[in-house]
Amino acid sequence: DPAWAGWMRIGRGQALDGLLGELKGLPAALPTLPLELTVLYNSLLFTMGASDSATEGEAEGIHQGLLRVLEACGACGQDLSTEELWQKVLREVTVEELQAPLHRLGALQAAWWLSASRLGSTASLFRLLSNAEDPGRSHCSEGENELLSLLKSWRVPADEASLPLLQSTEHLKEILCTTAAFLQGLQELEAGNFPTALSLLQEAAGGFCSKRVLAQIYTCLGCCAQRMGKPQTALQHLKRALQVDFQCLPALSHVAAVYHELGETDAELQALALLYEALEEKCPAAASSSPYFLIQTELPVRTPILASLLRHHQPSEVKYLLAQRCLQDGREADAVEHYLDFLALLQEGLQQQVPLGCSSALPRIPEVFLEAASALEQAGRHQDAITMCEEVISRTTDLIPRMLRVERLEECPLPGAGLVGGLLSQKKESLCCLAWRTAAYLHQGWAWANLGESKEAITQFSRCLSDLLRVQLYGSVVELTENLLPELEVLQKIRLLSLIGRGAQFLELERHKEALLDFQHGLQILPGDPAAASYLVQALWKLNRKQEAAAHWQKFSQGPPGEDGQQEGQGRAFPLYLVSCLKQAMFPDRHSLARSIQDYLRTTKDPLS
């Protein structure tokens, strides 16, 4: 029973603390010092094991133990640091009976220093321990890791039968070796020294540790191989991590990331689905290792990079990733199902598990609604898409000022810089809200168009364009501060798509002159845009201005290579929620229009040159 074992540990720890207090109450004497150091060793084992972390209390206990050794030998070290104390004790104390207790205490000190990532202090300590035994044995061969060499060559003192130990020094040495390799591997991985990191992590994988830690090491090996550009090797390590401990769910999230990198969408979605299912089950964590070992590899290995690599995703994050990847891959029906499930999680308040739009994979909530609307629209559920967008419109109405002035913010010295930064942040937020609201109108326009309601579609496109008039630009977009360019480019794209959408509906209603004006306006926003240019030619053609249409067609057709793809190839990547609108804005029958113009050019009496 784990609970009973815990109470037993607490009782024994209190008994050891009491015995240690009594020994400290006596004058330090060489005959009793081995017993006192052994009791200190066992007491610190209990404390470190019970707290599951190294604290300053254990460090102070070791420090006081070293002072007791010096006191018993008639020396003083009150003003020395812990490193200096170890140097003094190991160089000056030669009593044979104290060597084994001191080495055991040194192993605990190493565990504490490793938990603080003080690898240099640990190496210095074992260099002293090696020199105390046999000067010259601490040197390692070229290319060999010094700390690992020192730990492996350390001669573990024999454990006295008369002084029982709660954890053998031999086991502690093996844990220290594994920990040192693991920590250094993580440091090299963080520094980008991948071959060295791979070697050290492989060394750690062959060491003494629990299944949980072994799975973590294999996960780190997988991440290292992925960063080295070896995705198949990464998958092997990550799958090995899951074989060792299936509850190592970060390995499963990294598997999905590798499959995404390889472009294997089916495998990626399967991995994400398994991850979501496992997170939903909320299985209890398995015991990390044998209860007989109070100090385990988990204790010293606690670093920011390890926490980053082994970050546990929340179910809401994984559900969103499933929705996003399905939408990106054209699996609209699946995307709709996942988005609706995700929005249900939001309603349950589970979004508080992970801050939206911050370091997680989740975007801001309005973007999620717009992506869901895009999925619904592509799945043919146009009325549901309209309802979803209405939610965005209603929630952003009060967040956008009547007029939004955007000008170049001149650099100013402190303390005004803070004020400028605040204004910039406020304007970015206002621009984001405006982008969401206008994108919602844009989606509604296309949804009504797909329902065959051209007049209602025109109304929504017009609302979108009217909202965009709130932005007043003072200076060209190029002149404006770089920090606002992404938001401004998104708004410009929404404006173009709305003009194309409204113009297309004007064509449906045979209001060709109004359509022509919209397409001309669109080309002013983005000259050479292939969709706006094609629609412009069609509008001229329907107005029976065939010679003018043919001239424009030739002009656009003779543009620079690759111009047709410029609306998606130039500038920054546009939000996922605009992708469906980009697709719908493409001119539907370019080849048919081209044939009509070519026939006209062949038959006209005054062919264009």
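**Core, rings and charges**

Reply: Helices here are DSSP runs of H or I with at least four residues, numbered from the N terminus. Keep in mind that this is a predicted model, where local features need pLDDT of at least 70, side-chain atom pairs count only at pLDDT 80 or more, and totals for chains, interfaces and linings use all residues. Residues are numbered from 1 along each chain as its sequence is written, and side-chain values use heavy atoms, with hydrogens and water left out.

Me: Why is Y320 called buried?

Reply: Buried means under 20% relative accessible area, exposed over 50%, and partly exposed in between (1.4 Å probe, protein chains only). Y320 has 2% relative accessibility, so Y320 counts as buried. F342 is buried too, at 0%.

Me: Why is the pair of Y320 and F342 called tilted?

Reply: Rings of Phe, Tyr and Trp (its six-membered ring) pair if their centres lie within 6.5 Å; planes under 30 degrees apart are stacked, over 60 edge-to-face, and the rest tilted. By this rule there are seven aromatic pairs. For Y320 and F342, the centres are 5.7 Å apart and the planes at 55°, so the pair is tilted. The pair links helix α15 (residues 315-328) with helix α16 (residues 332-347), 22 residues apart. Y320, Y339 and F342 form one aromatic cluster.

Me: What makes Y535 and F587 edge-to-face?

Reply: Their centres are 4.9 Å apart and their planes at 85°, so this pair is edge-to-face. Y535 lies in helix α23 (residues 530-542), and F587 in the loop between α26 (579-584) and α27 (590-603). Y535 is buried at 7%, and F587 at 12%.

Me: How do you know that the charged end of K319 sits over the ring of Y276?

Reply: The rule wants NZ of Lys or CZ of Arg within 6 Å of the ring centre and within 35 degrees of the ring normal. The charged end of K319 is 4.4 Å from the centre of the Y276 ring and counts as sitting over it. Likewise, the charged end of K546 sits over the ring of W541, at 4.9 Å.

Methods:
Helix = DSSP H or I, 4+ residues; strand = E, 2+ residues; numbered from the N terminus.
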